[in-house]
Amino acid sequence: MLLETLLAVALLGAAVVFVAPNRIAGKLAFAISLVPAAISLWLFAAFDGSGNALLEGDLAFESQMEWIQFGDYAITWFVGVDGISLPLVVLTTILTSLAILSSWTPIDERESQFYGLILFIEANLIGVFVALDFFVWFIFWEAVLIPMYLLIGIWGGPRRKYAAIKFFVYTNVASLVMFGAFVALVFGLGDAVSSFALPEITDAMINGDGVQTALFGVDPTTLTALVFVAMFLGFAVKVPIVPFHTWLPDAHVEAPTPASVLLAGVLLKMGTYALLRFNFTMFPTDVIEPFVVPIAAIAVISVIYGAMLALAQTDLKRIVAYSSVSSMGYVILGLIAFTQFGVGGATFQMVSHGLISGLMFMAVGVIYNATHTRMVTDMSGMADRMPVAVGILIAGAFGYMGLPLMSGFYGEFAIFFGSFGSEFLAYAPVFTAAAMFGIVIVAGYLLFAMQRAVFGPYNLETEYEVTRAPLHDIAPMFVLLGLIIALGVAPELIFEMITDAVDPIIANGGDL
Amino acid sequence: MEPIQLPEWTALGPALLLAATAIALFVVDSISPRSTNRNVLAGIATTGSLAALGVAVWFSMAGVGATGVDGFGVIELFDGQFVVDQLALYFMIIVAVVTALVVVASYDYMAGHTYQAEYYSLVLLAATGMATMAAANSLVTIFIALELASLPSYALVSILKDNRGSVEAGLKYFLVGALSSAIFLYGISLVYGATGYLQLGNIASVIEAGDAAAYDGLLGLGILFLIGGIAFKTASVPFHFWAPEAYEGAPAPISAFLSSASKAAGFVIAFRVFTEAFPLEATAGVIGIDWTVAFVALAIVTMTVGNFAAATQDNVKRMLAYSSIGHAGYALIGLAGLSADGGELVMGAAMMHLLVYGFMNTGAFLFVALAEHWGVGRTFEDYNGLGRRAPVACFALAIFMFSLAGIPPLGGFWSKYFLFSSALEAGLLVVAAALVINSALSLYYYSRLVKAVWIEDPVLERDALTQPTGLYAAIVVAAVMTVVLLPGFGPVVDTALEAAAAIV
């Protein structure tokens with residue numbers, strides 16, 4: 001019942017904060033958010049699962065209850081964690097607490113509603129990672145949209161209305177495509193499954209005969225392939241990868257800082273997590289095989305194109321936003337490599353990118369709070385006035401570039417290592433080499449921006465007095481930096497449990 | 001202990017309680033005419049509707065009218081003129097829920113109105129008619145119940161006598177209603193002419209025995225006319241055009257009442273008449289066409305017309321009115337899918353949708369009532385920025401809108417999903433596709449209202465808004481139920497499927 005407690009605390013907390021007076025909402029929300037954070041750390045310490053949740057692994061903290069029986073299919077309340085989902089749960093709870101701290105300064109109207117929505121998002125994000133029944137998962141997955149839509153729409157920047165609706169339409173249409181595809185898959189499996197529990201469906205796909213029933217005149221093999229493609233596209237929008245990425249910069253730039261932190265830190269991981277859980281775990285390798293090269297190509301294009309787009313930006317927030325497109329490309333490459341280090345590294349990179357991009361958005365947010373501009377061209381020599389905030393921004397940038405002893409290095413290294421030697425992916429060395437080139441561009445645009453904005457003589461055209469940031473803005477960034485370095489120095493903290501859960505997926509591929 | 005054996009007539013308890021409440025209100029009115037003591041009047045009406053709800057829930061849970069259990073079974077009253085089965089109780093629950101919400105909300109909305117007692121007793125009388133419709137088992141009792149529900153409704157729509165819109169809406173509603181009643185009655189007479197019976201079961205036996213074969217055209221025409229009457233009551237194409245006018249002009253709680261309870265009552269008639277009186281294959285053998293075809297066409301056209309029209313509205317109440325037409329189209333899937341095996345799944349899904357709809361749609365119209373109470377205008381723009389002044393009510397509104405659109409974390413998602421999956425299983429690919437496309441489209445205009453209250457800046461600055469107790473209570477209860485129906489949907493599914501399986 002621990003996972004239920006986790007969800008309940010966040011949900012009830014959201015309700016309490018929503019009706020609390022604005023004056024105390026921020027502090028109350030922070031205090032409440034510490035409870036899920038503490039519980040998730042305790043879960044992390046007491047974790048005793050092994051294997052993959054979908055592949056007959058030993059689940060930790062699982063619970064399953066009957067919910068609805070409609071026709072031939074049962075829908076159950078089924079939650080539990082394995083080595084892939086637990087690190088993401090911990091990432092969510094910690095990042096939420098820190099995001100709440102970082103919003104004390106910028107959020108100055110309708111506070112109780114703002115913090116209520118943040119806690120509501122947290123609950124749903126946790127739910128996405130712990131759910132093991134398709135419907136439970138889908139409900140949490142969709143429930144994330146509404147609060148994020150409101151966060152961007154109410155507290156966002158000048159073009160918030162456009163950005164909010166674009167975010168909502170893109171991700172909702174994608175969900176619809178994915179939902180339809182998955183339901184078709186379950187119907188296609190026919191009598192082989194009697195519920196929407198993901199492990200049961202996976203078992204029918206991998207160990208059973210797979211889809212045997214033709215639906216509406218589509219033969220089973222084609223149907224399986226179509227479902228794979230439709231689900232991939234559905235998740236690709238969420239990740240996002242080129243060419244479905246255009247909602248991301250708008251949403252990021254217009255969203256208030258704390259929402260950006262959660263958006264980049266956790267929401268994007270929903271897409272890659274779902275890709276790993278559904279597309280690359282549930283489908284036998286012979287279904288995936290024809291799509292390997294196109295997916296790898298899209299991944300590499302995302303890496304390079306995303307980085308090039310970032311290179312062309314002058315808005316700090318846009319730079320960080322586009323670099324997320326690039327980083328997510330690495331994750332896709334690692335997943336499609338289908339090796340222990342590739343998939344494990346991709347999962348590690350999800351956590352690592354969550355921490356680093358969260359840190360970057362916070363640092364940009366702190367600078368914006370003081371200067372009210374984010375344009376690289378408008379500022380110069382910021383290090384003079386805001387040494388601590390800028391120092392952290394630089395540290396985050398180096399983390400992005402993959403400086404050894406920071407988590408970004410280990411994640412990217414494992415991905416490249418895994419994908420270079422992949423036998424599943426044709427032309428693996430070519431793809432890997434091309435993707436590695438992305439690192440050069442990343443270093444290029446980050447250093448370029450740093451040099452323009454941070455160093456040199458102080459010069460800022462603004463009527464605002466630029467002062468040092470308060471402690472509650474700085475402290476969360478230090479926590480994140482500490483975590484980034486900790487994971488960089490000792491990646492086995494989470495990498496062991498990740499590989500433990502990844503190995504069964506790789507084993508499905510047989511002698512690849 | 002020996003279970004207490006209630007006399008059989010008590011099975012109609014929910015309807016009788018509603019009728020008794022209406023009469024009690026008349027008594028109060030005759031003792032002190034023109035009473036404006038709304039505590040007493042609304043109190044009696046609320047107590048009565050809640051009692052009816054409680055009894056209906058109790059009966060339903062106790063298995064009154066349940067089939068397949070020893071010692072239970074469908075209860076037939078007055079030689080089968082009325083039946084009380086799980087289907088009847090299920091729809092009595094919907095009617096009672098909506099009545100209770102509307103009555104509680106009217107406490108504030110009708111404050112200061114001259115005809116308080118008349119208003120409440122008319123609402124209760126209409127509710128009595130609707131509850132009776134749920135149990136009526138013969139074309140005559142169905143027609144009488146239908147008129148009992150309709151006549152008070154005409155008066156209720158135009159009860160704001162000084163308001164031209166209200167009076168005009170009442171007149172339009174009455175004229176279209178009278179016409180469709182005539183059509184329905186004519187349909188009854190044709191069916192009677194073809195089969196010689198009015199009781200649903202007897203009609204079915206005549207058709208199955210092949211005795212109606214000589215009157216195939218008569219019977220077919222009669223069925224067509226019955227469909228017309230039902231289309232009026234459920235606000236479906238082609239008799240839907242009264243709905244936007246009537247809902248817009250009527251007092252908002254009455255719009256909520258008509259669009260939720262009256263629609264559900266219309267559907268229970270449709271479900272019962274077409275499953276009990278016109279068995280699919282035998283009827284198709286006589287009239288030469290499968291009547292589900294008509295409902296397939298009606299479902300698709302109704303949901304499409306409703307949604308496209310709703311998307312173009314600037315007036316919130318009209319948008320909700322057209323959306324209610326769209327939802328009638330969704331519920332019609334329940335009849336469209338009956339031809340396949342597992343027809344009870346389709347009909348069960350439609351019944352679930354009507355229950356969820358009873359909460360979310362009533363809640364949405366009650367929010368409009370709240371806005372009218374505040375004196376906010378009628379268009380989307382007038383609603384801009386209300387979220388700043390009344391966060392709780394606007395939060396509830398967001399719940400209703402997203403639930404109506406069928407977004408997952410709310411009850412509306414389940415019923416729409418079950419409609420979708422059962423339509424697929426029944427092989428109605430086109431209908432399922434229309435459902436998905438229309439739901440996706442509906443998100444546009446539902447989210448527009450959420451955007452207006454939460455995201456847009458107010459056009460004019462408002463002072464703090466009042467928080468009328470009754471309206472707030474009704475809205476919050478409806479919102480809570482819409483949310484609670486997500487985790488608590490299991491029992492609803494079981495009840496609805498059981499009720500549907502008994503008559504399909």
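Predicted model: local features only at pLDDT ≥ 70, side-chain atom pairs only at ≥ 80, totals over all residues.
View 1. An unreviewed UniProt entry lists residues 136–442 of chain B as "domain: NADH:quinone oxidoreductase/Mrp antiporter transmembrane". Look at what that span is built from: it is 79% helix and 0% strand. From one end to the other, the C-alpha atoms of residues 136–442 of chain B are 34 Å apart.

**View 2. Helices α3 and α20 of chain B, packed against each other.** Here α3 (residues 86–109) of chain B meets α20 (residues 489–503) of chain B, with the axes 8 Å apart and at an angle of about 135°. Angles over 145 degrees would count as roughly antiparallel and those from 65 to 115 as roughly perpendicular, so α3(B) and α20(B) are oblique to each other.

**View 3. Where chain A touches chain B.** Count the residues in contact and you get 22 from chain A and 22 from chain B. On the chain A side, the elements that each supply two or more residues are β1 (60–70), α5 (134–143), α6 (145–155) and α7 (160–189). Start with α7(A) if you're finding your way around, as this helix gives the most, with 6 residues. As for the make-up of the chain A side, 14 residues are nonpolar, 5 are polar and 3 are charged.

Key. Residues numbered from 1 in each chain as written. Chains lettered and ligands numbered in written order. UniProt positions renumbered as here; feature names shortened; annotations may be inferred. Helix = DSSP H or I, 4+ residues; strand = E, 2+ residues; numbered from the N terminus. Axes fitted to C-alpha atoms, helices over the stretch in contact; angles between N-to-C directions. Parallel < 35°, antiparallel > 145°, perpendicular 65-115°, else oblique. Contact = placed C-beta atoms within 7 Å. Nonpolar A, V, L, I, M, F, W, Y, C, P; charged D, E, K, R; others polar.
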